[in-house]
Amino acid sequence: MRMVVAAVGRLRQGPEAQLIADYLDRFAKTGRPLGLPAITLTEVEDKRGGGMAAEAPLLARAIPDGAAVVVLDERGQMLTSPELASRIASWRDQARDIAFVIGGADGIAPELRDRADLAISFGRMVWPHMLARVMLSEQLYRAATILSGSPYHRE
Ligand SMILES: C[S@@+](CC[C@H](N)C(=O)[O-])C[C@H]1O[C@@H](n2cnc3c(N)ncnc32)[C@H](O)[C@@H]1O
């Protein structure tokens, strides 16, 4: 099983990069005994500024064949953290790869959004894509702690 985050934009060193590295490291340690693999991050960029239409094939290339595709989109479903954890566990149990997709300034092209198994929203407000990456990383770590029964997540 593979888990990937495919995201538009290159993240320079800074507070967001540190937070993402920390949460993904924690995810790897907590997820290993649960049969969840370390998450790999693929950053894509269309240097000609072609927007979401040009970014879509670059993002699609980073998605493993047959993977469950989860797009991050403010118009998506607002899941609870345990609901996200349960979706991840169910794809793991089906031995399915999982790809999380984060768009750029224009969002995610409709053809990629339409093929997603799930669209998740962190609320109806629009967040900068780098903060969406941080929040996704934290939620993935939180999902692993929920599946492991650790007390990190409280309701
Ligand atoms: C600056 S936003 C793009 C917003 C754009 N107007 C759109 O229609 O999607 C960049 C990316 O961050 C993610 N994002 C931003 N806000 C989000 C939210 N509230 N929920 C989920 N993802 C979000 C999405 O993947 C989005 O494509």
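Biologist: Which residues have the most contacts inside the largest nonpolar core, and how many residues does that core have?

Modeller: The largest nonpolar core has 42 residues, and those with the most contacts inside it are Val69, Val70, Ala99, Phe100 and Val101. It is called a nonpolar core because it is a set of buried Ala, Val, Leu, Ile, Met, Phe, Trp, Tyr and Cys residues joined through C-beta atoms within 7 Å. This is a predicted model, in which local features need pLDDT of at least 70 and side-chain atom pairs count only at pLDDT 80 or more, while totals for chains, interfaces and linings use all residues. Residues are numbered from 1 along each chain as its sequence is written.

Biologist: Which elements give two or more residues to this core, and which gives the most?

Modeller: Strands S1 (3-8), S2 (39-44), S3 (68-77) and S4 (98-102) each give two or more, as do helices H1 (15-31), H2 (51-61), H3 (81-93) and H5. H5 gives the most, with 8 residues. These elements are DSSP runs numbered from the N terminus, helices being H or I over at least four residues and strands being E over at least two.

Biologist: What does Val69 touch, beyond residues up to four places away in sequence?

Modeller: Val69 touches Ile63, Ala99, Val101, Arg115, Ala116 and Asp117. Two residues are said to be in contact if their C-beta atoms, placed from the backbone, lie within 7 Å.

Biologist: Why is Gly31 called buried?

Modeller: A residue is buried if 20 or more other C-beta atoms, placed from the backbone, lie within 10 Å of its own, exposed if 12 or fewer do, and partly exposed in between. Gly31 has 24 C-beta neighbours inside 10 Å, and therefore counts as buried. Gly31 has its place in helix H1, and it touches Leu36 and Ala144 when residues up to four places away in sequence are not counted.

Biologist: What makes the span of H5 agree with its 20 residues?

Modeller: The expected span of a helix is 1.5 Å times one less than its number of residues. For the 20 residues of H5 this should be 28 Å, and the end C-alpha atoms are 29 Å apart, which agrees. The buried residues of H5 include Arg133, Val134, Leu136 and Leu140, and what covers the buried residues of this helix includes S1, H1, S2, S3, H3 and S4. After H5 comes Gly149, whose phi is positive, near 80°.

Biologist: What is the phi of Ala95, and why does this residue count as exposed?

Modeller: Ala95 has a positive phi of about 55° although it is not a glycine. Most residues other than glycine have a negative phi. Ala95 is found in the loop between H3 and S4, and with 9 C-beta neighbours inside 10 Å it counts as exposed.

Biologist: Which residues does the UniProt annotation "binding site" cover?

Modeller: The annotation, from an unreviewed entry, covers Leu72, Gly103, Phe122, Gly123, Arg124, Met125, Val126 and Trp127. UniProt positions are given in the numbering used here, feature names are shortened, and annotations may be inferred rather than shown by experiment.

Biologist: Why is Phe122 called partly exposed, and why does Gly123 count as exposed?

Modeller: Phe122 has 18 other C-beta atoms within 10 Å, so it is partly exposed, whereas Gly123 has 9 C-beta neighbours inside 10 Å and therefore counts as exposed. The place of Phe122 is in the loop between strand S5 (118-120) and helix H5 (129-148), and Gly123 lies in the loop between S5 and H5. Leaving aside its neighbours within four places in sequence, Phe122 is in contact with Trp127, Ala132 and Met135.

Biologist: Which residues come nearest to the ligand, and how do the residues of its shell divide?

Modeller: Of the 19 residues around the ligand, Leu72, Glu74, Gly103, Gly107 and Ala132 come nearest. A residue counts as near a molecule or strand if its C-beta atom, placed from the backbone, lies within 6 Å of it. The shell divides into 10 nonpolar, 6 polar and 3 charged residues, where Ala, Val, Leu, Ile, Met, Phe, Trp, Tyr, Cys and Pro count as nonpolar, Asp, Glu, Lys and Arg as charged, and the others, Gly among them, as polar. S3 gives the most to this shell, with 3 residues.
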